[in-house]
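Q: I want to learn how to read a structure like this one. Can we take it feature by feature?

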Amino acid sequence: MGKPYSVLVVDDHPLLRRGICQLITSDSDFTLFGETGTGLEALTSVAENEPDIILLDLNMKGMSGLDTLNAMRQEGVTARIVILTVSDAKQDVMRLLRAGADGYLLKDTEPDLLLAQLKKAMLGHRVISDEVEAYLYELKNTVDDNSWIESLTPRELQILQELAEGKSNRMISEDLHISEGTVKVHVKNLLRKADAKSRTEMAVRYLNQ
């Protein structure tokens, strides 16, 4: 294991947020990037520098988790965004995964399982709580068109392969000896070409082709 994964916790319940932060810092594979209580604060905190994972509450006052997720993806945030919520409503699950969430976990998840799922998310997997996993089949019924892969430059293809291995921008920049900023530009171009909302969705489609 290289550097620990950095995590931003976004939740408007101070007590719960503190508990999640303590859980994150109890595992040496993770480091706390920061914590915020609103979607707006979260957007500000990732404007200059991104964490590896954003753990995002769904039902927040003001800007909801869905609004925050949409805004982050529009800003080109390429971090893994995992929703942590009490809602197991089908429409919430479908809406957030379609909007580019890399995972959907329920707040009653066992602490050890939550940490294991976040590690899985960093390896490029979409992580979903068992209780809501059945809804995924409906998402999978959307047609996959992989012609975009043929339009990639050799460098983009190289970066896509690294993404499919679950590597972060920082790891890719070290592997390919290019700056993290350059990697981010390539990832944005890849997402646009793939018409994908998250790097996980893109990696899954690439691996399933």
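A: Start with how domain 1 touches domain 2. Contact means heavy atoms within 4.5 Å. By that test, 24 residues of domain 1 are in contact with 19 residues of domain 2. This is a predicted model: local features need pLDDT of at least 70, side-chain atom pairs count only at pLDDT 80 or more, and totals for chains, interfaces and linings use all residues. Residues are numbered from 1 along each chain as its sequence is written, and side-chain values use heavy atoms, with hydrogens and water left out.

Q: Where do the domains of the chain lie?
A: Domain bounds come from an automatic or database domain assignment. Here the assignment gives domain 1 as 5–130 and domain 2 as 135–208. Their C-alpha centres are 20 Å apart.

Q: How much area do domain 1 and domain 2 bury between them?
A: The size of an interface is often given as the accessible area lost when the parts come together. Buried area is that loss (1.4 Å probe), summed over both parts. For domain 1 and domain 2 it is about 1,900 Å², with 56% of it on carbon and sulfur atoms.

Q: How many salt bridges are there between domain 1 and domain 2?
A: A salt bridge is a side-chain nitrogen of Lys or Arg within 4 Å of a carboxyl oxygen of Asp or Glu. The count between the two domains is one. Glu50 and Lys184 form a salt bridge, with the closest N and O atoms 2.7 Å apart. The pair links distant parts of the chain, 134 residues apart: Glu50 sits in the loop between helix 2 (39–45) and strand 3, Lys184 in helix 9 (residues 180–194). Helices (H or I, at least four residues) and strands (E, at least two) are DSSP runs, numbered from the N terminus.

Q: Which accessibility class does Glu50 fall in?
A: Buried means under 20% relative accessible area, exposed over 50%, and partly exposed in between (1.4 Å probe, protein chains only). Glu50 has a relative accessible area of 17%, so it is buried. Lys184 has 24%, so Lys184 counts as partly exposed.

Q: How many residue pairs are in polar contact between domain 1 and domain 2?
A: A polar contact is a pair of N or O atoms within 3.5 Å. Within protein, one atom must be able to donate a hydrogen and the other to accept it; residues adjacent in sequence count only if both atoms are side-chain atoms. Between domain 1 and domain 2 the count is seven residue pairs, both residues at pLDDT 80 or more. Helix 4 (residues 90–98) gives the most to the side of domain 1 that touches domain 2, with five residues. By class, that side has nine nonpolar, five polar and 10 charged residues. Nonpolar covers Ala, Val, Leu, Ile, Met, Phe, Trp, Tyr, Cys and Pro; charged covers Asp, Glu, Lys and Arg; the others, Gly among them, count as polar.

Q: Which residues of helix 4 are buried?
A: Asp92, Val93, Met94, Leu96 and Leu97 are buried there. Gly100 follows helix 4 and has a positive phi, near 105°.

Q: Is Asp57 buried or exposed?
A: Asp57 is at 3% relative accessibility, so it counts as buried. Asp57 is found in the loop between strand 3 (53–56) and helix 3 (65–74). Its side chain makes a polar contact with the side chain of Lys107, at 3.1 Å. Beyond neighbours within four places in sequence, contacts of Asp57 include Asp11, Asp12, Thr85 and Lys107.

Q: How many salt bridges does a search of the whole structure find?
A: The search finds 14. One of these cases joins Glu162 and Lys167, at 3.7 Å from N to O. Both residues are buried. Glu162, Glu165, Lys167 and Asp175 are linked in a network of salt bridges.

Q: What covers the buried residues of helix 7?
A: The cover includes helix 8 (169–176), helix 9 and helix 10. In helix 7 (residues 154–164), the buried residues include Ile159, Leu160, Glu162 and Leu163. Just after helix 7, Gly166 takes a positive phi of about 85°.

Q: How are Glu201 and Arg205 separated in helix 10?
A: They are four residues apart in helix 10 (residues 199–207), so about one helical turn separates them. Glu201 forms a salt bridge with Arg205, the closest N and O atoms being 3.6 Å apart. Both Glu201 and Arg205 are buried.

Conventions:
Buried area = accessible area lost by both parts, 1.4 Å probe.
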